[in-house]
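Try each task yourself before you read the solution.

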There are 2 protein chains.
Amino acid sequence: MRTVSKDNITQAFLNYCSQDTDPRLKFVLEKLVHHLHDFVRETDLTHDEWRKGLELLYAAGEISTPERNEFVLFSDVLGLSSLVDMVNSPEDGTPSSVLGPFHVLGAPEAAVGADLKGDNEGKTVVVGGRVLTPDGQPVVGAELEIWQTADNGLYSNQDAAQPEYNLRSHMNADDDGRYLFSTVRPAPYTVPDDGPVGELLRATGRHPWRPSHLHFIVTAPGFRSLVTEVFPSDDPYLDEDAVFGVREKLVMEYQERTSLDGLPDDLEIRDRLTLPYYVVDFDFVLARAET
Amino acid sequence: MRTVSKDNITQAFLNYCSQDTDPRLKFVLEKLVHHLHDFVRETDLTHDEWRKGLELLYAAGEISTPERNEFVLFSDVLGLSSLVDMVNSPEDGTPSSVLGPFHVLGAPEAAVGADLKGDNEGKTVVVGGRVLTPDGQPVVGAELEIWQTADNGLYSNQDAAQPEYNLRSHMNADDDGRYLFSTVRPAPYTVPDDGPVGELLRATGRHPWRPSHLHFIVTAPGFRSLVTEVFPSDDPYLDEDAVFGVREKLVMEYQERTSLDGLPDDLEIRDRLTLPYYVVDFDFVLARAET
């Protein structure tokens, strides 16, 4: 409209949307444009700053590939990805956390008690616990997908020296909801910082490190799927994850053990364990699916 | 931090910025993240919606080239580009409007009164006026850069059938601040809608049309540079410009003339004019540069 002004342009945008626009789309766009317009008005954004923002987006497009998506990375380091996780996390289940770009399909099946460590260097850790309903009952038929870095901070699909599917597994919890495996401690690593996201991090004095973590996807019929990560309490980056993935309820403890006492019989690595090793006990709680 | 939540993640982002971050950068980022986070919180944005947004950005990266920047186009159709223009427009000068992607450097010089129409088809229009200070005095040494579409809605750099620099010119206003040229009426055209911006327009029932316009850049020593567009009052898209570029003060009138009476002596096309033709009278007011 010819009388458009900085005070009515947000409404002008809405007036352009046709009556039969999908109501949810219209609501989301209304909120998006409202906030972007307020951002420009409240900052009196200059043309140079506007151009700089557009240059960062253009550079993100240039560096992005299906394997390295700089737009997702911008969303991650601005806290948007984690915020979307948080607004969609059920109150009565284990919190979700970022999926990240290193998940791959087709990891091998393993039985409860399996060893994922194999020939990997690093400290041995025995990870186990139960998959539970919000009222503490075992979730029958729960499936867990597990992936993590090796001791060098790289995932198998980043590191030609690792076997395919190294430190990746699918596992079906037993009738008691129990899961168990042995592995190595994962290591902290940096998000890619050779593109525009790295430029933003450096301009704000931020580092690109993520604390070490184990990734899990936990699913079961009748329950909401859980995509999450679990972080050791002693990681130096626990309180400064570059992508805001840590939640208090996702922190696990490495318990040092100097004997084999109390280890379950079905732990495959049991007879090969060298002392000391570490034990992690972590339960997942799945919220019921909305019906 | 491990206690990050949907209520404190915005502050967590700010805490990550180092003390010696440039204060303006920190302020702009604070406002940007504050509004993006509020957007997610107020919409309870779903993972599917978040992925769709990221897909649109990725697709924008894929279709963008130095000549066709889809991120600028997103900014345009969301009203952001025009809002940046508006918050930076001085109160006491002619409003600015979008530069657009069709400006090229190196257009030829032309004297006051020059003809740009040449062999172009279309209705002849004589455009003239003055470049003035906010208190109505002529701006000595004012330079004008002019570009527009041909009658087919295409700029010379979009249309191999047009000569290089067709309907493009530089002109120095005379000592009275006066400029004058003859040309053809520009035509409405569509912004590119074969990419993700087109997808957004269709999903919201919007058309991609811009009203016809003349582009101007007006500069003079001691004054703020003016990048603007001037729109005819009878254009069918005047109240629904896809990129929100129209301002009430940028609307011009095509006055139909059926005689040569009153035409200035220095109008080059004067003796070749066929009746009827059209006259536009439009003055530019330049705000003084901040010192």
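**Exercise 1. Find out how many residues of chain A are in contact with chain B, and which elements of chain A they come from.**

Solution. Keep in mind that this is a predicted model.
- Start with the count: 67 residues of chain A are in contact with 68 residues of chain B.
- Next, look for elements of chain A that give two or more residues to this side: they are helix H1 (9-16), H2, helix H3 (47-63), helix H4 (70-77) and helix H5 (80-87).
- Then ask who gives the largest share: H2(A) does, with 16 residues.
- Finally, sort the chain A side by class, and you get 35 nonpolar, 18 polar and 14 charged residues.

**Exercise 2. Work out how helix H2 of chain A and helix H2 of chain B run relative to each other: roughly parallel or roughly antiparallel?**

Solution. 
- Pick out the two helices, residues 23-43 in chain A and residues 23-43 in chain B; their axes come within 9 Å and cross at roughly 160°.
- Angles over 145 degrees count as roughly antiparallel, so that is the label for H2(A) and H2(B).
- Now check the hand: H2(A) passes H2(B) in a right-handed crossing.
- For the contact itself, residues from H2(A) include A:Phe27, A:Leu32, A:His35 and A:Phe39, and those from H2(B) include B:Phe27, B:Leu32, B:His35 and B:Phe39.
- Sorted by class, the residues of this contact divide into 10 nonpolar, 4 polar and 6 charged.

**Exercise 3. Decide how far helix H4 of chain B is enclosed by the rest of the structure.**

Solution. 
- Go along the helix, residues 70-77: 8 of the 8 residues are buried, so H4(B) is largely enclosed by the rest of the structure.
- Among these buried residues are B:Phe71, B:Leu73 and B:Phe74, and also B:Glu70 and B:Asp76.
- What do they pack against? The buried residues of H4(B) meet H3 of chain A, together with helix H3 (47-63), helix H5 (80-87) and helix H6 (196-203) of chain B.

**Exercise 4. Trace the open sheet of chain A and say which strands stand at its edges.**

Solution. 
- Write down the order of the 6 strands: S1-S5-S4-S9-S10-S11, with mixed pairing.
- Read off the edges: S1 (109-110) and S11 (251-252) each have a single partner strand, so one side of each is left without a neighbour in the sheet.
- Zoom in on one pair: S4 (residues 143-148) and S5 (residues 168-172) pair in the antiparallel sense over 5 bridges.
- Within it, A:Trp147 stands opposite A:Arg168 in S5(A).

Conventions
Residues numbered from 1 in each chain as written. Chains lettered and ligands numbered in written order. Predicted model: local features only at pLDDT ≥ 70, side-chain atom pairs only at ≥ 80, totals over all residues. Axes fitted to C-alpha atoms, helices over the stretch in contact; angles between N-to-C directions. Helix = DSSP H or I, 4+ residues; strand = E, 2+ residues; numbered from the N terminus. Parallel < 35°, antiparallel > 145°, perpendicular 65-115°, else oblique. Left-handed = near helix turned anticlockwise from the far one by under 90°. Contact = placed C-beta atoms within 7 Å. Nonpolar A, V, L, I, M, F, W, Y, C, P; charged D, E, K, R; others polar. Pairing = 2+ DSSP bridges. Buried ≥ 20, exposed ≤ 12 C-beta atoms within 10 Å, placed from the backbone.
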